[in-house]
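Today I want to look at one helix and then at some aromatic rings.

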Amino acid sequence: MAFYQGLFEQANSGFQLLTTANQPWVAETARYMLIRVSLNQAMENALDEYNMFNVDKADKEQGRRAVESIDAYLQAYPKGRYADSARGLYRRAYWVIGDENEVGFDWGESNQLEALINTTNQFNGKPIPSWMLI
């Protein structure tokens, strides 16, 4: 519940504890959620009143922690339930960090245009109509 209330430190502590749960799906989900916590922490002070992202205000250290969390998740669960999602979150983490060389390029996506569309959708929260792509 802490995660959805924006209590990210509390959520982080709870998910850290759950990474050693006896139920494998709980441990895996907790490790994945650590990625989401870091990304939310990285972005929480970088949105203006219109929810526009300002990369200069992002917490770069939290963005780097997100990358480390993605690496750890994929090392532990290379074919895990959330592996595709975790790979997709590399784009967001590198975008938050401001690493333009890594954003949107071949993190499991074979089609670069599709990767760009997916990245845009992640940040805008709205799909791009196909008619706008022509």
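My list for helix 4 reads A83, A86, G88, L89, Y90, R91, R92, A93, Y94, V96 and I97. That makes 11 of its 15 residues, so I noted the helix as mostly covered.

Before going on, I noted that this is a predicted model, where local features need pLDDT of at least 70 and side-chain atom pairs 80 or more, while totals for chains, interfaces and linings use all residues. Residues are numbered from 1 along each chain as its sequence is written, and side-chain values use heavy atoms, without hydrogens and water.

Helices here are DSSP runs of H or I with at least four residues, numbered from the N terminus.

Next, the rings. Phe, Tyr and Trp (six-membered ring) pair if their centres lie within 6.5 Å; planes under 30 degrees apart are stacked, over 60 edge-to-face, the rest tilted. I got seven aromatic pairs by this rule. F3 and Y4 have ring centres 4.9 Å apart and planes at 90°, so they are edge-to-face. F3 is buried at 6%, but Y4 is exposed at 64%. F3 and F8 are also edge-to-face, because their planes sit at 70°, with centres 6.0 Å apart. F8 is buried, at 11%. Ring pairs join F3, Y4, F8 and F15 into a cluster.

Note on methods: Buried means under 20% relative accessible area, exposed over 50%, partly exposed in between (1.4 Å probe, protein chains only). Helices (H or I, at least four residues) and strands (E, at least two) are DSSP runs, numbered from the N terminus.
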